[in-house]
Amino acid sequence: MSENASKKLSRRPDWAALAIAVALAAVAIVVVWSTARQAGAASYARIGPTTFPYVIAAVFFILAIWTAVEAWRGDFPEREQQQISPILWIVGGLAAQMLLLKIAGFSIATGLLFAATARAFGRGPLWKTVPLGIALAYVIWVIFARGLSLSLPAGPLEHLLF
């Protein structure tokens, strides 16, 4: 028996991939259930507004079965060990943005998210990335709020300059 074949026989099922397969199957079931509950769907045509949700649900279910089979056989490659620190930086940046969006405005809140994400990817010290993120977010705010007339939260920085 070859070394590769013996590795496959000794590997356990990939439980994370099996969980993904279960999630895919759950999405397929929810799409079918939601589509079946739609009232007033046109029945005069063979292809109507419910056709594509059923097709999408079928694709999700096929992917769920395929993922489960591959997971059970252990055919997925080994994954690297996850590091919790970058995840915490990104989640913390998102939390800070959500908490500060109405108080500090779009530019400052999004600038902090930018800096936290940059830190998670190992880029630059915070004293550089926070001002850079705020400047980039301010440019985005000007483009969307002033140029396209979209409603983005304005804070002290936006009120100071506009």
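Reader: Is Trp-72 buried or exposed?

Author: Trp-72 counts as exposed, because its relative accessible area is 55%, and the cut-off for that class is over 50%. Please keep in mind that this is a predicted model.

Reader: And what about Trp-15, buried or exposed?

Author: Trp-15 is exposed as well, since its relative accessibility comes to 56%.

Reader: How many aromatic pairs does the structure hold?

Author: There are two aromatic pairs in the structure. One of them joins Trp-15 and Trp-72 in an edge-to-face arrangement, with 6.3 Å from centre to centre and 90 degrees between the planes. Because Trp-15 belongs to helix 2 and Trp-72 to helix 3, this pair ties together parts that lie 57 residues apart in sequence.

Reader: Why is the pair of Tyr-138 and Trp-141 called stacked?

Author: The ring planes of Tyr-138 and Trp-141 stand at 25 degrees, with the centres 6.0 Å apart, so the pair is stacked; the cut-off for that label is an angle under 30 degrees. Tyr-138 and Trp-141 are three residues apart in helix 6, which means that about one helical turn separates them.

Reader: Are Tyr-138 and Trp-141 buried or exposed?

Author: Both Tyr-138 and Trp-141 are buried. They also belong to the largest nonpolar core, which has five residues and includes Phe-106, Ala-137 and Ala-145 besides these two. Helix 6, spanning residues 126-147, gives the most to this core, with four residues.

Reader: What does Tyr-138 touch, leaving aside its neighbours within four places in sequence?

Author: With those neighbours left aside, Tyr-138 is in contact with Ser-107, Leu-157, Glu-158, Leu-161 and Phe-162.

Reader: Switching to the surface, which residues form the nonpolar patch there?

Author: A nonpolar patch on the surface is formed by Ile-47, Phe-52, Val-55, Ile-56, Val-59, Leu-63 and Trp-66, and together these residues have about 710 Å² of accessible area. Ile-47 sits in the loop between helix 2 (15-36) and helix 3 (51-73), and because its relative accessible area is 62%, Ile-47 is exposed.

Reader: Thr-35 next: buried or exposed?

Author: Thr-35, which also has its place in helix 2, is buried, given a relative accessible area of 6%. Leaving aside neighbours within four places in sequence, Thr-35 is in contact with Thr-50, Pro-53 and Tyr-54.

Reader: Zooming out, how many helices and strands does the protein chain have?

Author: The protein chain has seven helices and zero strands, so from the N terminus on its elements run α-α-α-α-α-α-α under the DSSP assignment.

Reader: How much of the chain counts as buried?

Author: Of its 162 residues, 25% count as buried. The chain exposes about 11,700 Å², and carbon and sulfur atoms supply 70% of that area.

Reader: What share of the contacts with a separation of 6 or more comes from residues 24 or more positions apart?

Author: Residues 24 or more positions apart account for 58% of those contacts in the protein chain.

Key:
Residues numbered from 1 in each chain as written. Predicted model: local features only at pLDDT ≥ 70, side-chain atom pairs only at ≥ 80, totals over all residues. Heavy atoms only, no water. Core = buried A, V, L, I, M, F, W, Y, C linked by side-chain atoms within 4.5 Å. Buried < 20%, exposed > 50% of the residue type's maximum accessible area, 1.4 Å probe, protein only. Helix = DSSP H or I, 4+ residues; strand = E, 2+ residues; numbered from the N terminus. Contact = heavy atoms within 4.5 Å. Patch = residues over 30% accessible without salt bridge, like charges linked within 9 Å, V, L, I, M, F, W, Y side chains within 5 Å. Areas by Shrake-Rupley, 256 points an atom, 1.4 Å probe, with all protein chains shown as cover. Salt bridge = Lys/Arg side-chain N within 4 Å of Asp/Glu carboxyl O. Phe/Tyr/Trp six-rings, centres within 6.5 Å; stacked < 30°, edge-to-face > 60°.
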